[in-house]
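Good morning, everyone, and thank you for making time for this. I would like to walk you through one protein chain, slowly, and I would ask you to keep the picture in view while I talk.

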Amino acid sequence: MADEKEKQEQKEGELQIPGTLPLLPIRDIVIFPFMIVPLFVGREKSINAVDLALTKERLVFLTTQKDISNEDPGPKDLYQTGTVGMVMRMLKLPDGRVKILVQGLARAVIKEYTQEKPTYIVNIEKIKESPVLQPGLEIEALMRNVKEELEKLASLGKAISPEIMMIIETVNEPGRLADIVAANLGLKVEGAQIILEITDPVRRLEKVNEYLVKELQVSTMQAKIQSQAKEEMDKSQREYYLREQMRAIKSELGELEEITEEIDEMRKKVKKAKMPPDVEKEALKQADRLESMHPDAAESAIIRTYLDWLVDLPWSKTTKDTLDIKKAKKVLDEDHYNLEKIKERILEYLAVRKLHQKSKGPILCFVGPPGVGKTSLGRSIARAMGRKFVRISLGGIKDEAEIRGHRRTYVGALPGRIIQGIKQAGTNNPVFMMDEIDKIGTDFRGDPSSALLEVLDPEQNNAFSDHYLNLPFDLSKVMFITTANMLDPIPDALKDRMEVLELTGYTEEEKLEIVKKYIIERQLAENGLNKKLIEITDDAIKKIISQYTKEAGLRNLEREIASVCRKVARKVAEGEKGLTVISPRTIEEHLGVPKFIPETEQEDDEVGVATGLAWTPVGGEILYIEATTMKGKGNLTLTGHLGEVMKESAHAALSYARSRARTLGLADDFYKELDIHVHVPAGAIPKDGPSAGVTMATALISTLTKTPVSKDIAMTGEITLRGRVLPIGGVKEKALAALRAKIRTIILPDRNKKDIEEIPKDIQKKMNFVFVKHMDDLLKIALKKKVKAVKKPLRPLGKRIAAAAR
């Protein structure tokens, strides 16, 4: 009451406010007249403004900055309307800041900035409020309404001091009431500034009333929410009381001792698991939580399951590697025929482990067609190293949680497939095979291939974090092996983390040896037969390989051998005695007519027919490409279900032939009166790839020059417009296809010399490889007679035909 009276007397005395004052920018608050507030001043300009004010009338102009984060606000960053304040007290703090107590006196507006350094000095003009005429009923009602609403707000918990409430009761002026209420509502800067700038007292009080109504609605809703929360808390306390009663009853019945024993047993398992310190600390913490929790609580089951996973994981269980290199090689040779490169890589790893015990496990990727033995090779590697073997299939998975696991907040949450596999193995260094890595999908649930980046990175997987465990697990000792049929679908980032080893498929000779050493013995055992009851000759096996299967692997071949064994087993079961010999002549009695007929050999050298070589996922194939010409208008027709790349190769071959027309003895415009048709037989089978370029060019030039192509030569390579022969892939498969077709001479690009090493030595001895750099060299070898250069150009074809007609 005394403060209010003092303010009233100060106003009545018409305090003289100078036209020039130091400016103190403030943030986060708007100062109203009659408002007393403490301020902390830390900026140099602001401290200078306070010092200047204290040397004169202790008056300072207070205005709010628009952006509170601005440490050095300029004139544009400050509101023009503010409050003239008096510095009542000042205290210097040890950290260099100043604490002042200021009282708002009157509204004012900035007219001009007269100085900016070392502090702002401004010319101001005091704002005169609009006079209020004799207060009417409407203004009286508005003032009473504001006072009542403020009381309601205080009763709902708003922090408004009792002194303010007493002062408000004595205020009879609408302008002053508006300023006092606005100063204590806790409004945002923007809203408070709007009220400060309104000069009409009644309009200002109406605006304050709007804010007051809104604040009252918010506080009412807040009180309702708190009431609901209190009810929920009371309910929880009641449940806790009832549970404690049940606990006391169980204690009397002796059931509580069983729970205590279970927790103690869990703690012993945690200690026995020899976990890393951080993991053990978390496990014991969860055990303590479980002990303090009611057994029937929903979360207790989740914690129990989580602890079971932690104690069952092989944190410190490691199998000892078999570091006897000769013994490991013997095991690998027993299980698999050939595959020397892969066997050599495994033996190299074992040799490094023998010399350096803490070496990281390799991450290998076996790429090859189905049935070549990728998965069984993983088992063989585990057996050779003396490690546990775990296999998971990644084909078709689309959820990242399959790899990383689900978070424990979900119902039925479990760790990912990686941690599950480690638990299944029971050691922390198994051979871990992930099949079908090229068939991983993606959808809205995440990208599993991205989750695998951490698993398959030796620099990161020593602290692999599963979402369920939420603890690091060391995967660096695990030997990861992935398998894929094709490399293309695997993301580049994932491919970069793996060492790719290709299994290209088996030759006919290799299949024969595998059947004799492994498959026949296995099928005899599975069908209850022995070597006294059945004998399959080598020629019969070769016929099964070439005429009953068409694959790079061995699955269908083993099925056919199993079918033969079942037929013989039936005869034995029906009472037939003696040895059954399976030969090429009797094989059809057991397997029916051949399923695949070999490509017919050419009997003669023909014009316009060249033998090409193609790669397929199941091995190599020979490809006869035919070309013919007829009268027409220069059209090129391509048939045989060709892909875009093969069509482009045909156009490139024709362009090359046209550019070499004179050298080939053709007229410059030979193509204008001819239609050319290039066909690749087996039209129902899609064909594509660049390696048929040289074959198309040879067939095309052969038919244009009427020169036959040698039937004993097969060729492969990509052609350019300049006639250069570019390298291709699948050399081993193509060479084997040529050998099956009884073609011993193969023309290859010169840059494919390096690939000959992949072909088995016995196959190399049977073949004659000719390497060429340019199409001219290839034509000299493939065409039966050499094409001589023509010294003078021939007449156009049309004129030659006319001359012949005459």
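I will begin with confidence, then turn to a sheet, a helix, the cores and finally a single serine.

Please keep in mind that what you see is a predicted model, in which the chain has a mean pLDDT of 83, with 91% of its residues reaching 70 or more. Among the elements, strand β25, at residues 745-749, has the highest mean pLDDT, 94, whereas helix α27, at residues 797-805, has the lowest, 37.

Let us look now at the open sheet of five strands, whose order is β8-β9-β12-β7-β13 and whose pairing is parallel. Strands β8 and β13 stand at the edges with a single partner strand each, so one side of each has no neighbour in the sheet. From one strand to the next, the twist averages 20 degrees. If you follow β7, residues 363-367, you will find that five bridges join it to β12, residues 479-484, and that Cys365 stands opposite Thr482 in β12. Helix α13, residues 374-385, packs on this sheet and touches β7, β8, β9 and β12, with its direction at about 175 degrees to that of β9. Helix α15, residues 417-425, packs on the sheet too, touching β8 and β9, and its direction makes about 150 degrees with that of β8.

Next comes helix α4, residues 162-170, where Ile164, Met165, Ile167 and Ile168 are buried. These four lie on the same side of α4, because they cover an arc of only 160 degrees around the axis. The face turned away from that buried side carries Pro162 and Met166, which are exposed.

In soluble globular proteins, nonpolar side chains tend to be buried together. Here the largest nonpolar core has 52 residues, and Leu310 and Ile437 have the most contacts inside it. Helix α10, residues 298-312, gives the most to this core, with six residues. Beyond its neighbours within four places in sequence, Leu310 is in contact with Met275, Val279, Ala283, Trp315, Leu469 and Leu471. Apart from this core lies another, of 51 residues, including Ile346 and Leu501.

Leaving aside neighbours within four places in sequence, Ser710 is in contact with Asp605, Ala782 and Lys784.

Technical notes: Residues are numbered from 1 along each chain as its sequence is written. This is a predicted model: local features need pLDDT of at least 70, side-chain atom pairs count only at pLDDT 80 or more; totals for chains, interfaces and linings use all residues. Side-chain values use heavy atoms; hydrogens and water are left out. A nonpolar core is a set of buried Ala, Val, Leu, Ile, Met, Phe, Trp, Tyr and Cys residues joined through side-chain atoms within 4.5 Å. Buried means under 20% relative accessible area, exposed over 50%, partly exposed in between (1.4 Å probe, protein chains only). Helices (H or I, at least four residues) and strands (E, at least two) are DSSP runs, numbered from the N terminus. Contact means heavy atoms within 4.5 Å. pLDDT is the predictor's confidence in each residue, from 0 to 100. The arc is that of the directions from the helix axis to the C-beta atoms. Two strands pair if DSSP finds at least two bridges between them. Axes are lines fitted to C-alpha atoms, for helices over the stretch in contact, and angles run from 0 to 180 degrees between N-to-C directions.
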